[in-house]
Amino acid sequence: MLFSIRCIDRADAPGLRAATRPAHIEYLKSLGGRIVVAGPLLAEDEATPIGSLLVVEGPDRAGAVELAAGDPYAKAGLFAETVIQPFRLVFLNPPSA
């Protein structure tokens, strides 16, 4: 089953994302094929990260909750809000070069 994990950063923690990013990237790499897609959500300036979006594969919602809680960003208290929902992949475009 696929799950979307949408996380919004706390407004009062601008340096926390940058400081925690290396550990976050290593964590995502350690999950291997469980990560379908992942990346930052951006502000209207199309450059400033304001959150994270992941689509992950797992047996159930509890596994997605555990995966989200294990993220160094979450452990550091970066997120003001995290929403986890079942997701159905209907269409996938190949990435553009």
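Trainee: Which residues does V56 touch, leaving out those up to four places away in sequence?

Mentor: Contact means heavy atoms within 4.5 Å. In this predicted model, local features need pLDDT of at least 70, side-chain atom pairs count only at pLDDT 80 or more, and totals for chains, interfaces and linings use all residues. Residues are numbered from 1 along each chain as its sequence is written, and side-chain values use heavy atoms, without hydrogens and water. V56 touches M1, L2, F3, I5, R34, I35, V36, A64 and L67, with residues up to four places away not counted.

Trainee: How many residues are in the largest nonpolar core, and which have the most contacts inside it?

Mentor: A nonpolar core is a set of buried Ala, Val, Leu, Ile, Met, Phe, Trp, Tyr and Cys residues joined through side-chain atoms within 4.5 Å. Buried means under 20% relative accessible area (1.4 Å probe, protein chains only). Here the largest core has 17 residues, and I5 and V56 have the most contacts inside it. Two or more of its residues come from each of β1, α1, β3, α2 and β4.

Trainee: In what order do the strands of the sheet lie?

Mentor: Strands of a sheet pair through backbone hydrogen bonds, either parallel or antiparallel. Strands (E, at least two residues) and helices (H or I, at least four) are DSSP runs, numbered from the N terminus. Two strands pair if DSSP finds at least two bridges between them. This open sheet has 4 strands in the order β2-β3-β1-β4, with antiparallel pairing. Its edge strands, β2 (35-42) and β4 (79-87), each pair on one side only.

Trainee: How many bridges join β2 to β3?

Mentor: 7 bridges join β2 to β3 (residues 49-57). G39 stands opposite L53 in β3.

Definitions and conventions. Buried means under 20% relative accessible area, exposed over 50%, partly exposed in between (1.4 Å probe, protein chains only).
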